Amino acid sequence: MFNPDSLSARYTRAMHRFHARLSTRARPATAFTSTPEPRTIGVFAKGRQLLAGNFLFAGHLVVAPETSIWDLDTPDPEFEEDLHGFAWLDDFAAVGDTPCREKAQLWVWRWIDRYGKGDGPGWTPDLTGRRLIRWINHAMLLLQRQDKDQQARFYRSLAQQTIFLSRRWHRAQPGLQRFEALTGLIYAGLALEGMGKHVKPAVKALGRECQARIDAEGGMPSRNPEELLEVFTLLTWASAALTDADQPLTAPHQVAIERIAPTLRTLRHSDGGLARFHGGGRGLEGRLDTALAASDVKSRQADGLAMGFARLSGGRTSVIVDASSPTIGEESQNAHASTLAFEMTSGRRPVIVNCGSGVSFGEDWRRAGRATPSHSTVALDGFSSARLGESGRGWRDEQLIDAPREVPIQMSPVADGIRFEGGHDGFVATHGLTHARTLELTFDGRGLAGEDLLLALQDNAKRQFDRVMDAKKLQGIPYQARFHLHPDASAEIDMGGAAVSVALKSGEIWIFRHDSGAHLSVEPSVYLEKGRLKPRAAKQIVLSGVAMEYATRIRWSLAKAQDSAMAIRDLHREELDLTH
């Protein structure tokens with residue numbers, strides 16, 4: 001994402017406006033040739049709130065009853081983009097009553113009056129694609145009881161936006177934005193009279209984008225699970241629209257769907273939500289299941305790596321680990337320093353989480369959410385395993401640099417479950433220490449045993465460790481192993497400070513224990529969730545100590561209360577010689 005005040009950004013916006021206004025001279029469409037079935041999913045409660053004048057977009061709430069959506073004082077550009085993308089039409093359609101229909105019609109035709117000639121912030125390729133999909137999806141709702149003049153204005157605007165998109169889709173940022181633009185163009189080309197000529201080029205371009213952005217394992221460069229879901233959803237929508245029109249998909253398009261579906265199943269927790277890594281959230285409720293069903297792809301991956309994540313599952317418990325380096329360079333604007341962090345869900349209840357993306361809460365929260373201490377892993381001395389680099393183009397363009405280069409991992413069966421072993425060198429340059437993590441989940445999902453090692457392995461790493469120790473006057477290098485809890489989980493230290501009991505709303509009690517010589521505490525944390533007005537208060541379990549030698553071991557376990565004895569099975573195993 002580029003700085004909105006840069007010269008290139010201003011030039012791009014000027015060209016968008018030029019082509020938007022030029023498109024108004026084109027011959028308009030007069031009717032639908034076919035209307036795709038509505039596939040976008042709205043939320044009934046959001047539709048009712050919107051009707052009442054509660055405008056909640058991009059983490060901001062504007063309460064303005066009896067005010068047109070286009071007369072609001074928008075708090076930031078992201079809020080304004082959400083308005084012009086028209087995804088809120090899904091929520092009105094979810095309610096579907098007369099007041100919602102009339103309000104939706106009023107706001108759509110007011111948009112045509114105010115912005116339909118090519119003016120305003122909504123004329124970008126991705127927003128135009130998003131808007132076209134919603135207008136076409138909900139055309140029956142919007143056109144109900146409209147006279148011929150109103151219908152003609154609606155069709156004319158659809159045609160103008162389609163022509164604009166045919167000329168400007170290539171200016172959308174690669175990735176999700178370009179997928180939105182091309183899917184919107186395919187939708188409109190199939191649905192509108194006189195726009196069919198745009199379908200074939202758009203289908204070919206979509207295939208090329210699939211080849212460029214979807215790798216052989218069904219992942220994307222951003223490693224953002226929610227972004228992968230959004231792209232997958234767009235691909236299934238485009239596939240369904242083409243199939244309904246008896247038009248073929250390109251091979252790369254079909255292959256991308258077949259590759260992504262198993263990856264998303266791997267990245268889904270036992271409660272149905274996605275793992276929250278690299279700027280992504282849990283995904284809109286119902287969207288993942290709907291997209292998977294629409295894809296008609298039944299295959300799933302065995303426990304193992306998918307898009308750089310490892311999954312362990314047993315019984316009703318899922319554990320998902322970030323088992324790769326974060327994306328660096330131009331692709332890293334939303335990447336997090338979360339290597340070897342994990343999340344754990346028991347049945348329908350998340351237990352261990354990451355803090356999440358703070359993008360909707362401002363610059364400070366965005367930076368905090370990307371840092372290693374905001375993830376359930378080990379951090380050293382307040383450092384992250386990857387640094388934010390100054391790009392000079394505004395905070396929204398900061399990139400991760402100095403990320404781990406070596407992240408070896410191994411998955412293997414053990415007698416009563418499955419084991420993950422991984423390591424990263426993200427702290428070698430700063431402290432001379434490699435972080436290695438082992439996780440073992442039992443087959444029944446009732447026990448998770450973990451071990452974290454901080455190791456100075458090579459001679460140069462040991463010299464760096466010694467330099468840091470000298471700078472700290474031989475007082476040791478502070479570390480913190482953090483286990484962020486979901487806001488719905490409560491935690492209390494018990495058993496004389498030796499354990500933490502974690503209570504879930506389902507009634508389950510999980511016991512956290514350790515045998516590491518570290519200090520055990522329960523501290524405040526936050527849960528950064530899209531669509532909320534402010535971060536949610538939460539707690540975190542913290543094991544804190546100091547690394548004094550070339551090898552430091554941190555051992556811990558989580559087990560359901562009735563299985564707490566099993567949870568410490570590894571706490572008394574034979575000590576290893578960590579110096580080798």
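**Reading salt bridges and strands**

Mentor: Start with one pair. Arg178 and Glu209 form a salt bridge through their side chains, at 3.6 Å from N to O. Arg178 sits in helix α9 (residues 176-191) and Glu209 in helix α10 (residues 199-213), so distant parts of the chain, 31 residues apart, are linked. Keep in mind that this is a predicted model.

Trainee: Are Arg178 and Glu209 buried or exposed?

Mentor: Arg178 is buried, because its relative accessible area is 16% and the cut-off is under 20%. Glu209 is buried too, because its value is 7%.

Trainee: How many salt bridges does a search of the whole structure find?

Mentor: The general idea is this. Side chains of opposite charge can pair when their charged atoms come close. Here the search finds 24 salt bridges. One of them joins Lys298 and Asp296, at 4.0 Å from N to O. Both of these residues are exposed.

Trainee: Which residues are linked in a network of salt bridges?

Mentor: Asp488, Lys505, Glu529, Arg532 and Arg536 are linked in this way.

Trainee: What does the salt bridge of Asp452 and Arg437 tie together?

Mentor: The side chains of Asp452 and Arg437 meet at 2.7 Å, N to O. Asp452 lies in strand β14 (residues 447-455) and Arg437 in strand β13 (residues 433-442), so the pair ties together parts 15 residues apart in sequence. Asp452 and Arg437 are both buried.

Trainee: How do I read the faces of a strand such as β13?

Mentor: In a regular strand, side chains alternate between the two faces of the sheet. In β13, both faces are covered. One side has Leu433, His435, Arg437, Leu439 and Leu441, all buried. The other has Thr434, Ala436, Thr438, Glu440 and Thr442, also all buried. β13 is largely enclosed by the rest of the structure, because 10 of its 10 residues are buried.

Trainee: Which strands are joined to β13 by bridges?

Mentor: Take strand β12 (residues 417-427) to begin with. It runs antiparallel to β13, with 9 bridges joining them. Gly423 stands opposite Ala436 of β13. Then take β14. It also runs antiparallel to β13, joined by 8 bridges. Thr434 has Leu455 in β14 as its bridge partner.

Trainee: What lies between the strands in the hairpin of β13 and β14?

Mentor: There are 4 residues between the strands. In this hairpin, Gly445 takes a positive phi near 70 degrees.

How values were computed
Residues numbered from 1 in each chain as written. Predicted model: local features only at pLDDT ≥ 70, side-chain atom pairs only at ≥ 80, totals over all residues. Heavy atoms only, no water. Helix = DSSP H or I, 4+ residues; strand = E, 2+ residues; numbered from the N terminus. Buried < 20%, exposed > 50% of the residue type's maximum accessible area, 1.4 Å probe, protein only. Pairing = 2+ DSSP bridges.
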